[in-house]
Amino acid sequence: MTTPVHKTMDFLLTAAPAISRGTHGLAPSSALTISLEAEISALSKHPVFGKVQSVGALRIFMEHHVFAVWDFMSLLKALQAQLAPAYWPWQPRTHPQLVRLVNEFVLAEESDALPAQMGGLCIHASHFEIYLEAMREVGADTSRVDRFIGLLNWRGVRHALENASVPLPAREFVSDTFEILRSRRLVAVAAAFCYGRERIIPMMFRSLLDKLSIGVEAAPLLHYYLRRHTDVDATYHGPAAQALVTTLCGEDTLRLEEASVAARLALTSRRRFLDGIESAIARDEHKLPFLRN
């Protein structure tokens with residue numbers, strides 16, 4: 001039986017560049033990165049980041065984006081489940097350096113240390129929990145994501161997406177992510193994680209911070225969250241995710257093609273997601289309250 005993810009990946013594979021031979025003598029994985037640079041750069045400059053100029057627009061953005069924050073953790077935990085599975089009796093892994101890498105990702109994303117001035121939270125919290133607190137700080141509605149989380153263990157992701165009033169752009173984005181996850185293909189998941197998340201997130205958040213009209217005094221947790229990712233992802237997590245893909249693919253032609261397909265699928269999904277958020281802000285623009293710095 002051909003699943004949606006197989007259809008999408010097969011289609012994209014026919015359009016993927018011939019990256020397996022490298023570009024101008026570069027290593028194949030470097031050629032893959034270069035082939036995606038224009039698309040990543042365009043996404044980091046998406047017009048939606050310039051539309052978040054009021055507290056109302058910020059609320060709409062966060063009420064959509066919180067689902068991307070959640071499904072990032074699902075991508076990461078899927079990587080951990082394959083590279084550093086938690087079962088016993090324990091067995092040594094093929095790539096201990098990748099075990100260390102993915103466990104360090106999880107440590108930072110699932111139980112990050114908070115600065116002392118961030119009162120009201122525990123000393124450690126996941127980035128998803130920090131984002132939820134940032135939403136409450138600016139008065140964004142968390143009821144839909146709260147209901148989504150509540151439904152997950154009861155009927156699964158698909159049912160939760162359909163019955164928690166999840167905004168359509170977020171529902172489609174999460175569905176795209178889970179098409180890749182359900183394939184259980186390690187290289188595809190790693191490529192989606194690297195190029196669809198760790199490589200693009202610091203650039204997107206830097207663009208949002210540069211254009212955001214809502215100051216740190218009005219939204220300190222949000223500014224902390226955004227700056228934390230622009231710093232950590234750009235200096236460590238982005239290069240580490242790239243090393244993960246490089247190690248998994250090596251110079252294997254089929255794996256490199258699979259990584260290219262998954263990366264482009266993730267970036268295309270991200271573009272549709274941002275387009276949808278921009279449209280949602282535009283629809284309600286006339287009634288959004290402005291917030292002064």
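**A working chat on a predicted helical chain**

Q: Where does H3 bend, and by about how much?
A: In this predicted model, H3 bends by about 30° at histidine 64. The bend at a residue is the angle between axes fitted to the seven residues ending there and the seven starting there.

Q: How are the residues numbered, and what limits apply to the model?
A: Numbering runs from 1 along each chain as its sequence is written, and side-chain values use heavy atoms, with hydrogens and water left out. As this is a predicted model, local features need pLDDT of at least 70 and side-chain atom pairs count only at pLDDT 80 or more, while totals for chains, interfaces and linings use all residues.

Q: What is the pLDDT like for the chain?
A: The chain averages a pLDDT (the predictor's confidence in each residue, from 0 to 100) of 85, and 85% of the residues score at least 70. Over residues 1–26 the pLDDT is below 50. Beyond near neighbours in sequence, that stretch has 35 contacts in the model, a contact being heavy atoms within 4.5 Å.

Q: How many helices and strands are there?
A: There are twelve helices and two strands. Both are DSSP runs numbered from the N terminus: helices are H or I with at least four residues, strands are E with at least two.

Q: Back to H3: how many of its residues are buried?
A: H3 is mostly covered, with 24 of its 29 residues buried. Buried means under 20% relative accessible area, exposed over 50%, and partly exposed in between (1.4 Å probe, protein chains only). Of the 293 residues of the chain, 54% count as buried.

Q: Which residues does phenylalanine 148 contact?
A: Leaving aside its neighbours within four places in sequence, phenylalanine 148 contacts Phe67, Trp70, Val157, Ala160, Leu161, Ala164 and Val166.

Q: And H4, which of its residues are buried, and what covers them?
A: The buried residues of H4 include Leu98, Val99, Leu101, Val102 and Phe105. Their cover includes H3, strand E1 (112–113), helix H5 (127–137), helix H9 (186–198) and helix H11 (220–249).
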